[in-house]
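I opened this entry to keep track of what I looked up in the structure, one item after another.

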Amino acid sequence: MSQTLASTVREPGEPARAGYTRVNAQALANTARAVAAEAFGVAPGLVRAFLRDDSGYLALSIQVPLPLPLEDSLSASRQTVLELVGVRRAWIGARFSALTGSLVSRVDVRITGVVDPAVGRKR
């Protein structure tokens, strides 16, 4: 009854096999942390991510520090800090959905401080 690896791999054009795939909450939370860290340009260890059910959708709560210097990002785009965070918040939701296939209802971002990427610690 044992199957070899070659017999379990589906060839292109073959119909999909019955079954299911489960992704646990910790894997989704780690994905959200990585996406938020990429969006803000900080280390993933500085980001906290929480997930909750929102009527069948996922609601993300992100806590992240802003990287210094902010002046470069703001002066180049002529945006306020709130506008900059809003753009990145939208990107986090879209990127997370693209990677996981989950439907995201909202992304809440809480700025926890500032961090100097050169030093790597919060201020």
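I began just after helix H2, where Gly41 takes a positive phi of about 70 degrees; helices here are DSSP runs (H or I, at least four residues), strands are runs of E of at least two, and both are numbered from the N terminus.

I noted that this is a predicted model, in which local features need pLDDT of at least 70 and side-chain atom pairs count only at pLDDT 80 or more, while totals for chains, interfaces and linings use all residues. Residues are numbered from 1 along each chain as its sequence is written, and side-chain values use heavy atoms, with hydrogens and water left out.

I then read the order of elements along the protein chain, which is α-α-β-β-α-α-β-β, and this comes to 4 helices and 4 strands.

At the start of H2, I found a side-chain oxygen of Asn24 within 3.3 Å of the backbone nitrogen of Gln26.

Next I looked up which residues of H2 are buried (under 20% relative accessible area, with a 1.4 Å probe and protein chains only), and they are Leu28, Ala29, Ala32, Val35, Ala36, Ala37, Ala39 and Phe40. Their cover includes strand E1 (48-54), E2, H4 and E3.

Finally I listed what Ile92 touches (contact means heavy atoms within 4.5 Å): leaving out residues up to four places away in sequence, the partners are Val35, Ala36, Ala39, Phe40, Leu60 and Val107.

Technical notes. Buried < 20%, exposed > 50% of the residue type's maximum accessible area, 1.4 Å probe, protein only. Polar contact = N/O pair within 3.5 Å; in protein donor to acceptor, adjacent residues only side chain to side chain.
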